Amino acid sequence: MVTGTLYGVGVGPGAPDLVTLRAARLIGGAAVIAYPTLAGGDSFARSIVAGMIPAGAEEIRIDVPMTEARAPAQAAYDDGAARIAERLEAGADVVCLCEGDPLFYGSFMYLMARLAAGYRVEVVPGVASPAACAAAARRPLAARNEGLAVIPATLPEEALEARIGAVESAVVMKLGRHLGKVRRVTDRLGLTGRAVYVARASLPDEVVCPLAEAPAIAPYFSMVLVTRGDDPWL
Ligand SMILES: C[C@@]1(CC(=O)O)C2=NC(=C\c3[nH]c(c(CCC(=O)O)c3CC(=O)O)Cc3[nH]c(c(CC(=O)O)c3CCC(=O)O)/C=C3\N/C(=C\2)[C@@H](CCC(=O)O)[C@]3(C)CC(=O)O)/[C@H]1CCC(=O)O
Ligand SMILES: C[S@@+](CC[C@H](N)C(=O)[O-])C[C@H]1O[C@@H](n2cnc3c(N)ncnc32)[C@H](O)[C@@H]1O
């Protein structure tokens, strides 16, 4: 029997009308859908495309412990990949949902690493969150000869300072409880005044404000955009 195809489908940053036509077509025709969930809770990725999932589609929930320790998440991906492989072996295609873009800090890459040697894999890119945050803030990410660094706020404070201090423009992701640390760093670098905070871009409760006015603890789906020097796009 011919085995099924694994699709890694980006569903964008939150607004359902930022889902690509290709993603919508695959989700709308899916018999088996897989997605990551957090501590038994709901899936953000699934909520974005809930209106596109066919009634009666089989759903594979992969409960990923989002902890700093790698081993629990790895065990969850092992288990999820095994359940997906069963369906692929039976000839079914599996559509795996991923918030934003699947290969940009996305959970899908860990499933792909486990399944790509044995099965056909196709990846559908999605609107990645830095693009959505730049749009929300009406702020270019990079221009002309500028570089743009993508920096996780989960790094230790000294590493964060070295990296933000070394680049022209940065998007600092994964804020959550790390926001205070990021603000201390931009204060020391004299960049707080050039930094914008964006939370839940493209969703109805989106927030855009100067970093100085951001809450002390941010939601996980938020980031800071930093540019230094003169605005090169002027
Ligand atoms: C450890 C930690 C640090 C870090 O972010 O690196 C981390 N997630 C943390 C927190 C957290 N994550 C999420 C919320 C809910 C917010 C809410 O619902 O409001 C919260 C907040 C909370 O728990 O309170 C949701 C979430 N996370 C990812 C997706 C899927 C996606 O976006 O694709 C979704 C949406 C799922 C959905 O669709 O519903 C993906 C990833 N998150 C990872 C790690 C990697 C997986 C682990 C691994 O494989 O090791 C991976 C794959 C990215 C990677 O590999 O980098 C950090 C621990 C706490 C801390 O340190 O503050
Ligand atoms: C695990 S990464 C996933 C990134 C995703 N695959 C993408 O392409 O954007 C999660 C981080 O993406 C950022 N993020 C995702 N969606 C967002 C949104 N709608 N608004 C603001 N930040 C978002 C946040 O910094 C969050 O901590």
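This is a predicted model: local features need pLDDT of at least 70, side-chain atom pairs count only at pLDDT 80 or more; totals for chains, interfaces and linings use all residues.
The structure contains four aromatic pairs. One of them joins Phe 104 and Tyr 105, whose ring centres are 5.1 Å apart; the planes meet at 70 degrees, so this pair is classed as edge-to-face. The class follows because an angle over 60 degrees between the planes counts as edge-to-face. As for solvent accessibility, Phe 104 has a relative accessible area of 26% and is therefore partly exposed. Tyr 105 is likewise partly exposed, at 40%.

An edge-to-face arrangement is also found for Tyr 220 and Phe 221, with 5.2 Å from centre to centre and 80 degrees between the planes. Tyr 220 reaches 51% relative accessibility and so counts as exposed; the assignment rests on the cut-off, because exposed means over 50%. Phe 221, at 31% relative accessibility, counts as partly exposed.

Arg 200 lies over the face of Phe 44, at 5.9 Å from the ring centre. This placement qualifies because the limit for CZ of Arg is within 6 Å of the ring centre, together with a position within 35 degrees of the ring normal. A further arginine, Arg 70, lies over the face of Tyr 110, and here the distance to the ring centre is 5.1 Å.

Note on methods
Residues are numbered from 1 along each chain as its sequence is written. Chains are lettered from A and ligands numbered from 1 in the order in which they are written. Side-chain values use heavy atoms; hydrogens and water are left out. Rings of Phe, Tyr and Trp (its six-membered ring) pair if their centres lie within 6.5 Å; planes under 30 degrees apart count as stacked, over 60 as edge-to-face and the rest as tilted. Buried means under 20% relative accessible area, exposed over 50%, partly exposed in between (1.4 Å probe, protein chains only).
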